[in-house]
Amino acid sequence: MSKGFKYSLWAMLVVAVLAAAHVAFWQRYMIEKDFQQVELAVNYEEINGITSYKGLTPLEGLKEFKKHGVTAVVLRESILSELESTGMVDIYSGQALLTRPEAESPVWLKKLNQATELRRDHTYLAVFNQEVFDQIYPQMKAKLVDVKAFKIAEDTYIIETALPYIQMKGTLSDLGLGFTSTSLRDVEEAGLRPILQIRTWQGVTQRSIQEVFTLYRNISGVSAVMFNDDTLPAYPDKVLMGILAEEIKKMNVPLVKVEFFSQRGLDQLGILLDKQVVRLHTVSSEELKKSSPGEAVDRFSLAAAERNHRILYVRPYFNSGDILQQNLDYFDGITKRLAKEGLTVGPFDQLPPVPVNQNIVILIGLGVIAGGLLLLESLKPGKWLLGVGLLAVLFWVPYTYFDFGMARKLMALAAVMIFPTLSLIKNVRQAGRTPGAAVAAFLSISLFSLLGALFMVGLLAGAGFMLKLDQFIGVKMAHVVPLIIVLLFFSLLITKGGGLPEKVRNILNHPLQLGIALAAGVMAIAIIIYVSRTGNEGMAVSGLELKFRSLLDYLLGVRPRTKEFLLGHPALMLILLFGYRNNWFLPLLLLGTIGQASLVNTFAHIHTPLIVSLLRAFHGIWLGVLIGLAVFLLIKLVVRYGRRYIYG
């Protein structure tokens with residue numbers, strides 16, 4: 001590579017760094033620093049259950065919880081079985097009504113017989129309250145076909161439908177029937193904000209979507225809408241999804257995305273809503289039974305502070321004793337912890353629009369390409385380096401116009417693989433260093449590796465990634481590819497031979513030693529475990545490790561990654577201190593590579609505030625350096641006193 005070509009690559013890198021820094025530290029950070037208000041929400045029925053123990057009405061209970069930070073109430077759509085259990089609705093099959101003895105027949109049956117001909121295969125709902133009728137009949141009329149209503153007497157209504165009443169998902173028994181007027185009045189009088197939890201229904205059409213959401217628009221004060229089921233209404237029909245988005249836009253409220261609850265169609269709907277989405281975290285009732293209030297407070301705190309959740313849906317504890325007071329104390333604990341994290345409690349903040357400039361993205365991508373060419377040059381590819389660079393540029397720039405989203409994700413993946421690898425190849429050497437020089441080299445390696453994180457942050461800046469409607473791809477590749485390249489490069493570097501073919505032949509012809517085979521097996525198992533624990537769905541974490549993590553969170557505020565400060569960074573420090581003398585040091589080098597890959601991939605969690613990722617990386621680095629130096633000193637002491645013991 002000529003000097004002019006190399007200087008031009010470094011110039012491209014500098015320009016890309018400036019562009020990415022502008023996006024990361026100006027645009028994104030400035031948005032995140034004002035995105036600090038978190039809303040506490042409760043479930044109406046659960047508050048009713050708690051306060052009933054104290055003889056309070058739901059309204060009185062809501063007002064009590066409002067004093068302790070609650071500003072929103074989740075209202076879940078009623079279903080027939082719930083309305084039947086409270087005596088609001090009686091349910092009959094046509095067969096039962098036709099075969100019932102006259103003496104046992106309900107008083108309204110005779111008038112119904114005069115109004116219509118009963119059908120054996122139909123279902124009949126008897127409603128004895130006009131408010132309840134006004135709630136459920138419009139919902140049934142909008143969501144079902146062939147629904148009729150009859151007014152039999154004052155406050156007595158009969159609704160007829162051709163659907164059978166069967167207790168199973170997706171049938172009439174499971175149909176969402178709107179929200180009770182009592183719950184809506186209580187929430188309004190308590191001065192709280194309703195969040196509507198809407199059920200999916202079968203046979204969704206344009207008409208049903210429009211009519212149903214017209215009903216929801218008539219509810220005052222709604223702050224957000226969320227969906228109850230694992231599949232949204234209208235999914236996967238793209239046309240109907242667009243209509244659903246338009247109806248939600250008319251409500252002028254955001255969509256709720258629930259963490260750890262995958263809902264088919266929700267991310268697509270969030271994009272259609274121009275990313276007007278708010279993220280919600282909750283701890284389920286089943287999980288609460290296995291954890292203490294303190295542990296639940298920790299979870300809510302981490303969700304809000306480290307994952308940008310702006311609605312905390314707090315389910316109550318139902319323990320013995322004064323249940324109401326216990327839960328009020330529990331809410332006080334959450335508000336105090338949020339304040340400690342610098343967050344305020346109130347109506348949720350909504351993420352403002354995050355500009356994404358295509359020209360800046362192209363510049364950042366050119367910087368990644370420059371880094372890739374420098375890596376290839378280090379691997380001695382031959383004279384075709386310039387051609388590879390031209391092909392990469394000719395592919396990258398048009399592809400940003402063809403598929404902007406995928407282009408950004410692919411280039412971000414390339415960035416996090418290239419820079420940690422290049423940093424290690426350029427800075428690890430056979431000779432050892434003094435402690436001061438080793439620390440300086442470690443910081444240099446880490447900072448250069450972090451260029452990959454900076455470019456990734458610049459490429460993936462945008463509300464879609466910050467709200468987790470879209471995500472970084474290739475998590476496992478980002479961890480494994482640097483390992484493979486470093487493994488091959490340094491194995492061949494130490495191997496005898498005049499060129500690559502001869503080095504490969506010498507490795508293949510070398511007698512296999514038992515020690516090397518065992519070491520390789522241990523390394524393979526370690527890498528498999530490491531890879532299995534990367535990504536969103538890794539191996540389960542032990543209770544002891546969870547307690548250790550909680551301790552680190554408590555001591556440092558932001559917990560560094562264990563594989564960085566306990567394994568990867570100390571191992572790299574030892575390599576820098578002793579030098580990469582031969583391939584017996586390869587396990588240490590691979591651990592060091594894991595640390596650098598993890599350091600960069602910390603920033604792949606775009607939904608995590610940038611300042612949190614920076615603190616996590618910082619704590620991992622200084623702790624890793626100290627542990628590495630301590631282990632080095634311990635080894636030196638063991639060797640020194642061991643020699644004295646052996647040789648007298």
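Over how many bridges do strand 4 and strand 6 pair, and in which sense? This is a predicted model. In it, strand 4 (residues 123-127) and strand 6 (residues 156-161) pair over five bridges, in the antiparallel sense. Two residue pairs place the strands against each other. Leucine 125 has isoleucine 159 of strand 6 as its bridge partner. Threonine 123 stands opposite threonine 161 in strand 6.

These two strands belong to an open sheet of four strands, in the order 3-4-6-5, with antiparallel pairing. At the edges stand strand 3 (89-93) and strand 5 (147-153). Each has a single partner strand, so one side of each is left without a neighbour in the sheet. From one strand to the next the twist averages 20 degrees. Helix 7 (residues 130-143) packs on this sheet and touches strand 3, strand 4, strand 5 and strand 6. The direction of helix 7 makes about 15 degrees with that of strand 6.

Now follow strand 6 to its other partner. Strand 5 and strand 6 pair in the antiparallel sense over six bridges. Here phenylalanine 150 stands opposite isoleucine 158 in strand 6. The two strands form a hairpin, with two residues between them. Aspartate 155, in the turn, has a positive phi of about 60 degrees.

How do the side chains of strand 6 sit? In a regular strand, side chains alternate between the two faces of the sheet. Thr156, Ile158 and Glu160 point one way from strand 6. Tyr157, Ile159 and Thr161 point the other way, and all are buried. Buried here means under 20% relative accessible area.

Most residues other than glycine have a negative phi, and most peptide bonds are trans. Aspartate 146 has a positive phi, near 55 degrees. Aspartate 146 lies in the loop between helix 7 and strand 5, and is partly exposed, at 45% relative accessible area. Lysine 468 also has a positive phi, of about 65 degrees. Its loop runs between helix 19 (463-466) and helix 20 (475-494). Lysine 468 counts as buried, at 18% relative accessibility. A cis peptide bond joins tyrosine 235 and proline 236, with omega about 10 degrees. Proline 236 is in the loop between strand 8 (224-227) and helix 10 (238-251).

Next, the nonpolar interior. In soluble globular proteins, nonpolar side chains tend to be buried together. The largest nonpolar core has 169 residues. Phe213, Leu269, Tyr330 and Phe455 have the most contacts inside it. Leaving out residues up to four places away in sequence, phenylalanine 213 touches Ile198, Phe227, Leu244, Glu247, Ile248 and Met251. Another core, of 13 residues, lies apart from the largest one; among its members are Ala72, Val256, Val258 and Tyr313.

Finally, a helix pair. Helix 15 (residues 358-378) and helix 17 (residues 404-427) pack at an angle of about 35 degrees, with their axes 9 Å apart. Helix 15 passes helix 17 in a left-handed crossing. Helix 15 contributes residues including Gly365, Gly367, Val368, Gly371, Gly372 and Leu375. Helix 17 contributes, among others, Phe404, Met411, Ala414, Ala415, Ile418 and Leu422. By class, the contact has 13 nonpolar, seven polar and three charged residues.

Key. Residues are numbered from 1 along each chain as its sequence is written. This is a predicted model: local features need pLDDT of at least 70, side-chain atom pairs count only at pLDDT 80 or more; totals for chains, interfaces and linings use all residues. Side-chain values use heavy atoms; hydrogens and water are left out. Axes are lines fitted to C-alpha atoms, for helices over the stretch in contact, and angles run from 0 to 180 degrees between N-to-C directions. A crossing is left-handed if the near helix is turned anticlockwise from the far one by less than a right angle, and right-handed if clockwise. Contact means heavy atoms within 4.5 Å. Ala, Val, Leu, Ile, Met, Phe, Trp, Tyr, Cys and Pro count as nonpolar, Asp, Glu, Lys and Arg as charged, and the others, Gly among them, as polar. A nonpolar core is a set of buried Ala, Val, Leu, Ile, Met, Phe, Trp, Tyr and Cys residues joined through side-chain atoms within 4.5 Å. Buried means under 20% relative accessible area, exposed over 50%, partly exposed in between (1.4 Å probe, protein chains only). Two strands pair if DSSP finds at least two bridges between them.
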